[in-house]
Amino acid sequence: MITLITANWLLYLIALLIGVVTAFWVWAATGREASALDSFNADDGLLEKAGEPVRAAEPEEKPVTAAAPAPEAVAPPPPPAPKPVVAPVAPAPAPQPEPEAATEGAPKIPPAVGEPDNLRLIKGVGPKLNTLLISLGVTRFDQIAAWKEAEINEVDKHLGTFSGRITRDAWIDQAKFLAKDDIAGFEKKYGKL
């Protein structure tokens, strides 16, 4: 066996190189570049924070395909079924909710004042949690930074599977740094933004 390898080492080396080149070619052709672009979201606000201009996404043009020729003998569609006649019914007047009952779905916290911040800068807040916080009326760092135990418990009840993240990920402390624009202090304690 050793004699066979030493006599034909050049052929084995060429076969190995061909295998490596073929494997790289297959790997490169799988479209890994497209997967990175698919996960890019220009509307997440991170480009504005970095000072980059935001460009609107241009729709891709799809090629127009010719319609398939119709078969020669096509049965006509069945006639539509007759609609039942129903007498109009006046809608019942909706009961007016009491002011306290109208906000049952939202936490009872002070509202945010000012332009919304990019809450995804807080470590532990991803796209889904960001959307949930916005739907609950939480949009600013100074709003989170001012929370006390009562507000934390109130918002935590509405977080569902994300319950407990406020204290576990130290949102209040992170929000205090971000509300003061203390990026250096934030990065020193929590890492790069």
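Among contacts in the chain between residues at least 6 apart in sequence, what percentage join residues at least 24 apart? The figure is 56%, where contact means heavy atoms within 4.5 Å.

Before I continue, please note that this is a predicted model, in which local features need pLDDT of at least 70 and side-chain atom pairs count only at pLDDT 80 or more, while totals for chains, interfaces and linings use all residues. Residues are numbered from 1 along each chain as its sequence is written, and side-chain values use heavy atoms, with hydrogens and water left out.

I turn to the overall composition. The chain has 11 helices and zero strands; helices (H or I, at least four residues) and strands (E, at least two) are DSSP runs, numbered from the N terminus. Of the 193 residues, 20% are buried. Here buried means under 20% relative accessible area, exposed over 50%, and partly exposed in between, with a 1.4 Å probe and protein chains only.

Next, the core. The largest nonpolar core has 23 residues; such a core is a set of buried Ala, Val, Leu, Ile, Met, Phe, Trp, Tyr and Cys residues joined through side-chain atoms within 4.5 Å. Helices H6 (127-135), H7 (141-145), H8 (149-157) and H10 (171-179) each give two or more residues to this core, and H10 gives the most, with five. Among the residues with the most contacts inside the core are Ile122, Leu133 and Trp171. Leaving aside neighbours within four places in sequence, Trp171 is in contact with residues including Leu129, Leu133, Trp147 and Arg165.

Let us consider helix H6 itself. Its buried residues are Leu129, Asn130 and Leu133. They lie on the same side of H6 because they cover an arc of only 105 degrees around the axis, the arc being that of the directions from the helix axis to the C-beta atoms. H10 is included in what covers these buried residues. The face turned away from the buried side carries the exposed residues Pro127, Lys128, Thr131 and Ser135. Just after H6, Gly137 takes a positive phi of about 90 degrees.

Finally, the surface. The chain exposes about 15500 Å², of which carbon and sulfur atoms supply 64%; accessible areas come from the Shrake-Rupley method with a 1.4 Å probe, and for residues only the protein chains shown count as cover. Ile14, found in helix H2 (residues 9-28), counts as partly exposed because its relative accessibility is 41%.
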